[in-house]
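Subject: Structure handover

Hi,

Here is the structure we talked about handing over. My notes follow below it.

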Amino acid sequence: MQAVLLGGVVIAIHRYSLAHSNRDPTTSRHVAVVGAGAAGLVTARELRREGHSVVVLERGSQIGGVWTYTSQVEPDPLSLDPTRPVVHSSVYKSLRTNIPRECMGFTDFPFAARPHDGSRDPRRHPGHSEVLAYLRDFAKEFDVEEMIRFETEVVRAEPAADEENRGKWRVESRSSDGAADEIYDAVVVCNGHYTEPRHAHIAGIDSWPGKQIHSHNYRVPDPFKDQIVIVIGSSASGVDISRDIAKVAKEVHVSSRSTSPDTYEMLPGYDNLWLHPVIETARIDGSVVFQNGKTVYADTIMHCTGYKYYLPFLDTKGEVTIDDNRVGPLYKHVFPPALSPGLSFIGLPWQITPFPMFELQSKWVAAVLSGRVSLPSQDEMMEDIKAFYNKLEASGIPRRYTHLMPDDSQFEYDNWLADQCDYPRIEKWREEMFYIGFKRIYAQSATYRDNWDDDHLIVEAYDDFVKFMSSYPELLPLLKT
Ligand code: FAD
């Protein structure tokens, strides 16, 4: 690490920026990246840094993926119709981040508050538009947009079949200019996994006469004014949306599968919001019976039941499948052994702090593609995957939780990736901030975004951010306020 004086402030230059500024990659590949959300943006940056030529294919008209809030929703409120026009974003108007901003950002581009810019949201858990603004800053800083083809949907990606292109990838895309059929050395899939809804099975639901909607199509509470609403699901979106709706609805009843069967309680701070266990049955007369024996006549059921991995454009001839929400087989959630390194996935793990993980996964992919870092043999990768699956099975963990990273497994994984690429491990303050923040969500779900007691970690984070400010001097005065 080196120290320089800039604007009167001593700045430590991170060893990474020096070590990698004059990199001489072994091989430059022509790489297609599918999607320009947070994962696609950082992947494009890392691939180019490593010396690859990159084309990002994005079906939307702007960067940001999930963070591009729109009031538009899909015509089918449950999103069951496979032919429906798809709206990508599942973000609702009131959404604020559930991860503190210091912890959430990319490791070398701090998601720092910009309190002097009136157009920005300086809160620690900012609204969705601040995240989009941050991603735009990132794209601008690293000239990512020049690599993106907007309004270009990948409709097919498959291993090239002809002899001349053996080992390469054929990518078919559609845009207003027509269809394109191109050959790439590699494809990196960054298409997100919060667009295709999952639905809980409820006995009797087909003859239940009320309205049903999935949270993917929820934007504002107004349509639920004076209604009786049942919200299925009590994870992040279920908690937020039930509270949002409770502001205007007559009654809101949350059905949770992680509470005991006799639960029936009014949630603190509300006089119209109840917690119940799972639904036992829905009936033709409009009633819904919970496992605790309570019956509610509801106008609407809101399904906050999560999302599925969905890769309709990918044809791997069976080498990669989605089985009960397990995308596999994948070595370390990224490379399918039989198709590596030509095919890779960024961003599959969940219950994590995503941006830093995307960054580390994409550094690894970029380094593997250039040949700077080697993968184990196909057989060794398969052995590793089998051992991982066996461990899940032995612990009674269902397949659908394959990419869930509970407790400290995400940081073990991040650090493993960092070690592969000779990049610094995840900062201790980030790890601690994530754990404390996660606990805060459960302990004070209504107030965790505005009340905290880890100021010491914020100080540590900003002390750390300063070392990146040699690249972003315009942010420096803001960090010091
Ligand atoms: P996305 O953002 O979904 O981007 C995927 C992109 O791929 C999109 O732009 C899409 O248009 C494009 N695409 C898809 N298919 C194709 C195709 N066939 N051809 C071309 N382009 C295609 N994370 C946090 O860190 N903090 C939070 O507080 C937080 N809150 C969240 C709240 C909600 C409601 C949701 C749904 C997610 C939240 N997340 C949060 C997780 C969030 O998904 C990640 O932070 C991250 O933004 C995901 O980025 P991504 O690039 O993987 O996917």
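Is Y92 buried or exposed? Y92 is buried, because its relative accessible area is 3%. Buried means under 20% relative accessible area, exposed means over 50%, and partly exposed is in between (1.4 Å probe, protein chains only).

Some ground rules before the rest. This is a predicted model, where local features need pLDDT of at least 70 and side-chain atom pairs count only at pLDDT 80 or more, while totals for chains, interfaces and linings use all residues. Residues are numbered from 1 along each chain as its sequence is written, and side-chain values use heavy atoms, with hydrogens and water left out.

**Y92**

Y92 sits in the loop between strand 4 (53-57) and helix 3 (101-104). Helices (H or I, at least four residues) and strands (E, at least two) are DSSP runs, numbered from the N terminus. Leaving out residues up to four places away in sequence, Y92 touches Y69, H128, Y218, R219, A236, S237, D240 and I241. Contact here means heavy atoms within 4.5 Å. With D240 there is also a side-chain polar contact of 2.8 Å. A polar contact is a pair of N or O atoms within 3.5 Å; within protein, one must be able to donate a hydrogen and the other to accept it, and residues adjacent in sequence count only if both atoms are side-chain atoms. For a distance across the chain, take Y92 and E393: they are 301 residues apart in sequence, and their C-alpha atoms are separated by 36 Å.

**Ligand site**

The ligand is surrounded by 30 residues. The closest are E58, V66, W67, H88 and N98. The cut-off is a residue heavy atom within 4 Å of the molecule. By class, the shell holds 17 nonpolar, ten polar and three charged residues. Ala, Val, Leu, Ile, Met, Phe, Trp, Tyr, Cys and Pro count as nonpolar, Asp, Glu, Lys and Arg as charged, and the others, Gly among them, as polar.

Helix 2 (38-49), strand 6 (153-159) and helix 6 each supply at least two shell residues. Helix 6 gives the most, with three.

- H88: a side-chain N or O atom is 2.6 Å from a ligand oxygen atom.
- A38: a backbone N or O atom lies 3.2 Å from a ligand oxygen atom.
- L57: a backbone N or O atom lies 3.5 Å from a ligand nitrogen atom.

Taken alone, the ligand exposes 990 Å², and the protein buries 94% of that. Accessible areas come from the Shrake-Rupley method with a 1.4 Å probe; for residues, only the protein chains shown count as cover.

**Cores**

The largest nonpolar core has 89 residues. L135, M302, F355 and W364 touch the most other members. Helix 6 (residues 354-370) contributes the largest share, ten residues. A second, separate core has 22 residues, including A157, Y309, L343 and F345. A nonpolar core is a set of buried Ala, Val, Leu, Ile, Met, Phe, Trp, Tyr and Cys residues joined through side-chain atoms within 4.5 Å.

F355 touches A38, W67, M104, G105, F106, V131, Y134 and L135, again not counting residues up to four places away in sequence.

**The loop between strand 22 and strand 23**

This loop, between strand 22 (326-328) and strand 23 (343-345), holds P329. A cis peptide bond joins G328 and P329, with omega about 0 degrees. P341 is in the loop too. The bond from S340 to P341 is cis, with omega near 0 degrees.

K332 also lies here. K332 is not a glycine, yet its phi is positive, about 55 degrees. At 22% relative accessibility, K332 is partly exposed.

L330 belongs to this loop as well. L330 counts as buried because its relative accessibility is 4%. Beyond four places in sequence, L330 touches F335, P336, F345, L348, I385 and Y389. The C-alpha atoms of L330 and K386 are separated by 10.0 Å, at 56 residues apart along the chain.

**Two aspartates**

D422 is in the loop between helix 8 (409-421) and helix 9 (428-443). Its phi is positive, near 60 degrees. D422 is exposed, at 51% relative accessibility.

D137 is in helix 4 (residues 128-141). D137 is buried, with a relative accessible area of 18%. Its contacts, not counting residues up to four places away in sequence, are F109, R114 and R120.

Best regards
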